[in-house]
Amino acid sequence: MHVGLHALAMTAAAALAAGCTLTPPRAGGAGPQQPPRTVQNCNPDKAQWAVGKTNTEHNVSEARKQAGAYMVRVLRPGQAVTMEFNAERLNLEVDATGRIVAARCG
């Protein structure tokens, strides 16, 4: 019985050791790496044309592109939002009917 436990313990130790072996990184790293993206600073002046328009997917996307923002969020009346400032984000405030009433960055 001791031989069986000893063999089991040796197998477990070998498996653990194999899991801990270090292999050198492959040439070029762990895989294809993307270069860091360029920071996109939002310019709210270029999205003012959207004020008064309906918040359709097209209008929201076009306002984001023209403002130079990386992302956009539509803010509805009474909606809870995070307050951190993000220079790459366009905020489009809409009224209860879905009309854009303000375009600002942050």
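Of the contacts (heavy atoms within 4.5 Å) in the protein chain between residues at least 6 apart in sequence, 41% join residues at least 24 apart. The structure is a predicted model, in which local features need pLDDT of at least 70 and side-chain atom pairs count only at pLDDT 80 or more, while totals for chains, interfaces and linings use all residues. Residues are numbered from 1 along each chain as its sequence is written, and side-chain values use heavy atoms, with hydrogens and water left out.

The mean pLDDT (the predictor's confidence in each residue, from 0 to 100) of the protein chain is 82, with 71% of residues at 70 or more. Residues 15-24 have pLDDT below 50, and this stretch makes zero contacts in the model beyond near neighbours in sequence.

Two helices and three strands are assigned to the protein chain (DSSP runs, H or I of at least four residues and E of at least two, numbered from the N terminus), in the order α-α-β-β-β from the N terminus. The three strands form an open sheet of order E1-E2-E3 with mixed pairing, where a pair requires at least two DSSP bridges. E1 (71-75) and E3 (100-105) are the edge strands, each with a single partner, so one side of each has no neighbour in the sheet. E1 and E2 (residues 89-94) run parallel and are joined by five bridges; Arg73 has Asn91 of E2 as its bridge partner. Helix H2 (residues 57-67) packs on the sheet, touching E1 and E2, and its direction makes about 140° with that of E2 (axes are lines fitted to C-alpha atoms, for helices over the stretch in contact, with angles from 0 to 180 degrees between N-to-C directions).
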